[in-house]
Amino acid sequence: MPNKEFYFLKDPRFAAIFPVINFIIIQIILALSSWLYDDTWDEQYAISGLTAAFLYVFLGNYFKLYDKYLKPSSKGMGARIFSCWFLAFMLTIFLAFLRKNSAEHSRVILNIWFFSTLIVLYLWDYLWNYSLKRLHLSGRKQLKVAIAGVNSFAFELIDQIKNDEYSKGVVINGVYDDRSENRLPKSQSHGYKVIGNFDKMIEDAKESKFDVLFITLPFKAEERVKVLLEYLRNTTVSVYIVPDSFIFELIRGDLSSYGKIPLIEIFDTPFFGINTFIKRIEDVIITLALLPVLIPIMAIVAFLVKLTSTGPVLFIQKRYGINGETIKIWKFRSMTVCEDGEDIQQARKDDIRITSLGKILRKTSIDELPQFINVLQGRLSVVGPRPHAVVHNEEYRELISGYMMRHKVKPGITGLAQINGFRGETKDIELMKKRIDYDVQYIRNWSVGMDLDILLRTVVVVLLGKNAH
């Protein structure tokens with residue numbers, strides 16, 4: 001992954017606005033161009049509009065059009081907008097030519113579309129930059145950060161945050177250090193406040209009292225850093241190390257920077273900026289494509305569940321979603337009980353709680369089908385780490401190092417762990433550790449191609465019915 005400049009407006013939902021608006025602009029301008037020229041809007045125009053919009057959004061990632069959500073004052077943006085739109089437009093015309101439909105497009109409308117869209121994209125870019133800069137300067141978009149370690153690296157980072165005009169929304173909650181007050185460096189100019197030791201820092205991280213933690217300890221304190229990271233793995237805080245050297249091979253992380261300060265990403269999500277938009281579009285397209293087939297099946301299953309046993313059709317259970325937030329997911333009820341408390345027992349082979357119909361539903365994973373509705377609601381993704389019951393999360397986060405890293409992304413209906421045999425009951429801690437290893441591997445290596453591969457392989461796993469009971 002290439003290096004990227006680190007700025008703090010790193011909110012996936014906020015970042016996704018820009019490519020979505022770009023997509024809509026391209027569609028609307030083509031429709032208006034057709035209307036103004038009094039031409040008939042037909043299927044060929046619709047296809048060309050969608051093609052150009054998808055190409056522009058996709059190519060925008062490579063032209064770095066979405067860096068502005070990290071740094072509003074991106075240079076050379078006008079040239080990049082022109083290059084990206086020109087390439088997307090020409091590819092669209094070329095594809096229309098291959099479909100033998102280019103002759104059906106009015107040359108006048110195409111010219112109006114090209115130049116009008118270019119102007120509007122420029123104006124939208126200017127308004128976005130202006131609004132984003134004002135938002136930065138107003139400090140309304142707050143991000144709470146903390147620093148571990150009182151030393152020259154911490155002082156330099158504090159100065160960088162205080163002096164950077166785009167850091168007005170960044171709030172430094174405080175600095176943590178294990179040393180007593182009389183052993184700490186004396187420096188009144190930086191205005192830092194030590195609010196506790198590292199034990200308190202870990203507790204505050206678990207309680208989400210800050211969003212980002214910078215570890216400024218020197219690499220000679222690597223054993224202490226290692227211990228801290230082991231504890232911090234079980235939180236949803238984004239963790240960065242401010243290194244005193246570039247021995248990056250010692251740590252599995254991506255190189256970033258805050259201004260001139262080098263950082264190493266340790267725990268973070270792959271879904272921000274354009275990736276958020278791509279992932280969401282992928283989820284919606286896959287779900288909408290499957291629903292015409294799934295809805296009749298779900299209607300029949302709902303009727304059979306009600307007919308064969310007493311109780312609700314749907315089993316609604318609380319799970320942990322992205323960043324450890326509690327969500328509710330739906331399943332067809334396959335048991336005689338609907339457990340969702342502090343004592344939940346995983347389903348096991350020949351479990352007497354499973355109904356006769358439930359055995360079939362669980363074997364074929366049909367009981368999971370209502371979760372596609374959860375995908376449209378935005379609670380789940382089609383592909384991602386499988387969500388566990390809240391009580392199981394609380395149990396395993398204390399037993400497995402790095403367990404909470406799986407909650408840096410949305411949970412999914414299926415995942416890398418499931419297609420590799422870790423589906424259903426996990427009888428011991430070692431099996432759960434292997435499942436978490438696959439979840440972390442998915443987060444670190446995510447791509448659309450990986451999602452599609454997992455989805456196709458899931459079909460095979462479901463047909464075989466292995467480990468499902």
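**Salt bridges**

I began with Lys200, which is partly exposed with a relative accessible area of 36%. I note at the outset that this is a predicted model, so what follows are values computed from it, because side-chain atom pairs were counted only at pLDDT 80 or more.

I then looked for the partner of Lys200 and found a salt bridge with Asp204, in which the closest N and O atoms are 2.9 Å apart. Both residues, Lys200 and Asp204, belong to helix α7 (residues 198-206), where they sit four residues apart, about one turn of the helix. Asp204 has 5% relative accessibility and, because the cut-off for buried is under 20%, Asp204 counts as buried.

Next I looked up Glu368 and Arg386, whose side chains meet in a salt bridge at 3.2 Å, N to O. This pair links distant parts of the chain, 18 residues apart: Glu368 is in the loop between α10 (356-364) and α11 (371-377), and Arg386 is in the loop between β11 (381-383) and α12 (390-399). I checked the burial of the two and found that Glu368 and Arg386 are both buried.

The side chains of Asp439 and Arg406 also meet in a salt bridge, at 2.9 Å, N to O. Here too the pair links distant parts of the chain, with Asp439 in helix α14 (residues 429-445) and Arg406 in the loop between α12 and β12 (412-414), 33 residues apart. Asp439 counts as buried at 2% relative accessibility, and Arg406 is buried with a relative accessible area of 2%. I recorded as well that salt bridges with shared partners join Lys200, Asp204, Glu207 and Lys209 into one network. For the whole structure I noted 14 salt bridges.

**Strands β5 and β6**

I turned to strand β5 (residues 212-215), which pairs with β6 in the parallel sense over four bridges; Leu213 has Val239 in β6 as its bridge partner. Together with helix α8 (residues 222-232), β5 and β6 make a right-handed β-α-β unit. I also asked myself which residues of β6 (residues 238-241) are buried on each side. Ser238 and Tyr240 are buried on one side and Val239 and Ile241 on the other, leaving both faces of the strand covered.

**Surface patch**

Last, I looked up a nonpolar patch on the surface, formed by Val20, Ile24, Ile28, Leu32, Trp35 and Leu36, which together have about 600 Å² of accessible area. Val20 lies in helix α2 (residues 17-36), and at 30% relative accessibility Val20 counts as partly exposed.

Notes
Residues numbered from 1 in each chain as written. Predicted model: local features only at pLDDT ≥ 70, side-chain atom pairs only at ≥ 80, totals over all residues. Heavy atoms only, no water. Patch = residues over 30% accessible without salt bridge, like charges linked within 9 Å, V, L, I, M, F, W, Y side chains within 5 Å. Areas by Shrake-Rupley, 256 points an atom, 1.4 Å probe, with all protein chains shown as cover. Salt bridge = Lys/Arg side-chain N within 4 Å of Asp/Glu carboxyl O. Helix = DSSP H or I, 4+ residues; strand = E, 2+ residues; numbered from the N terminus. Buried < 20%, exposed > 50% of the residue type's maximum accessible area, 1.4 Å probe, protein only. Pairing = 2+ DSSP bridges. Right-handed = clockwise from strand over helix to strand, strands pointing away.
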